[in-house]
Amino acid sequence: MSKRELTKAEIEKLIELSIKAKDKAYCPYSKFHVGAALLDENGNWYTGVNVENASYGSTICAERTAFVKAISEGQRKFVAIGVSTDASEYTRPCGICRQFMIEFGEHLQIFLIKPDRSYLKVILKDLLPDHFKL
């Protein structure tokens with residue numbers, strides 16, 4: 001995992017892609033739209049949305065959708081992910097997403113994005129300090 005800082009242009013793209021992705025969310029039950037934009041160490045971008053299901057347990061979060069798309073293309077090293085919602089407060093990834101993402105590096109930068117494009121940057125290991133390891 002790369003520990004490099006994002007450029008201002010990369011942060012803007014992260015915000016833009018995650019907000020655009022959010023509009024494609026399938027959330028007929030919760031009405032809680034989430035969009036994610038993931039940047040790998042080679043400069044490739046992947047987006048994801050939450051996709052709900054009536055059986056709730058088969059719902060997939062936006063963060064995992066973006067990761068699954070990237071992983072299925074052979075990527076394993078990531079720099080940052082942006083997560084946007086319509087909430088007025090910064091929304092952190094759920095516990096399942098935290099554990100899923102940490103498999104690919106503890107130092108992932110997570111940008112929590114509000115509708116007004118303001119953001120809070122956190123580091124994954126700080127959100128899940130005692131994560132499960134084999």
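Start by selecting Ser 88. This is a predicted model, and in it Ser 88 has a relative accessible area of 62%, so it counts as exposed, the cut-off being over 50%. Ser 88 sits in the loop that runs between strand E3 and helix H3 (95-102). Ser 88 and Leu 6 are 82 residues apart in sequence, and their C-alpha atoms are 24 Å apart in space.

**Helix H2**

Next, select residues 62-72, which form helix H2. Is this helix mostly covered or mostly exposed? H2 is mostly covered, with eight of its 11 residues buried. Colour the buried ones: Ala 62, Glu 63, Arg 64, Thr 65, Ala 66, Phe 67, Ala 70 and Ile 71. An α-helix has 3.6 residues a turn, so residues three or four places apart point the same way.

What do the buried residues of H2 pack against? Show strand E1 (34-40), then E2, E3 and H3: these are the elements that the buried residues of H2 pack against. Before leaving the helix, select Gly 74, which follows H2 and has a positive phi, near 95 degrees.

**Glu 63**

Go back into helix H2 and pick out Glu 63. In an unreviewed entry, UniProt places the feature "active site" at this residue. Is Glu 63 buried or exposed? Its relative accessibility is 5%, and because buried means under 20%, Glu 63 counts as buried.

Show the residues around it. Leaving out residues up to four places away in sequence, Glu 63 touches Ala 36, Ile 81, Val 83, Pro 93, Cys 97 and Met 101.

**The largest pocket**

Rolling a probe the size of a water molecule over the atoms shows where empty space is left. The largest pocket has a volume of about 210 Å³. Which residues lie nearest its centre? Select Phe 32, Val 34, Asn 50, Cys 61 and Glu 63, which lie nearest the centre among the 16 residues of the lining.

By type, the lining divides into eight nonpolar, five polar and three charged residues. Helix H2 and strand E3 (78-85) each supply at least two residues of this lining.

**The listed binding site**

Now select Asn 50, Val 51, Glu 52, Asn 53, Ala 54, Ser 55 and Tyr 56, the residues that UniProt lists for "binding site" in an unreviewed entry. From this set, Asn 50 and Glu 52 are part of the lining of the largest pocket.

Two members of the set are worth a separate look. Centre on Val 51, in the loop between strand E2 (45-49) and H2. Val 51 has 33% relative accessibility, so it counts as partly exposed. Apart from its neighbours within four places in sequence, Val 51 is in contact with Tyr 26, Ser 58, Thr 59 and Ile 60.

Then move to Asn 53, which is also found in the loop between E2 and H2. Asn 53 has a relative accessible area of 33%, so it is partly exposed. Its contacts, leaving aside neighbours within four places in sequence, are Tyr 29, Ser 58 and Thr 59. Finally, show the side chains of Asn 53 and Ser 55: a polar contact of 2.9 Å joins them.

Key: Residues are numbered from 1 along each chain as its sequence is written. This is a predicted model: local features need pLDDT of at least 70, side-chain atom pairs count only at pLDDT 80 or more; totals for chains, interfaces and linings use all residues. Side-chain values use heavy atoms; hydrogens and water are left out. On a 1 Å grid over the protein atoms alone, a cavity is a set of points where a 1.4 Å probe fits but cannot get out, and a pocket is an open set with protein on both sides within 12 Å along at least five of seven lines; lining residues have an atom within 4 Å of a point. Grid points are joined across faces, edges and corners, and a volume is the space filled by probe spheres set on the points. Helices (H or I, at least four residues) and strands (E, at least two) are DSSP runs, numbered from the N terminus. Ala, Val, Leu, Ile, Met, Phe, Trp, Tyr, Cys and Pro count as nonpolar, Asp, Glu, Lys and Arg as charged, and the others, Gly among them, as polar. UniProt positions are given in the numbering used here, feature names are shortened, and annotations may be inferred rather than shown by experiment. Buried means under 20% relative accessible area, exposed over 50%, partly exposed in between (1.4 Å probe, protein chains only). Contact means heavy atoms within 4.5 Å. A polar contact is a pair of N or O atoms within 3.5 Å; within protein, one must be able to donate a hydrogen and the other to accept it, and residues adjacent in sequence count only if both atoms are side-chain atoms.
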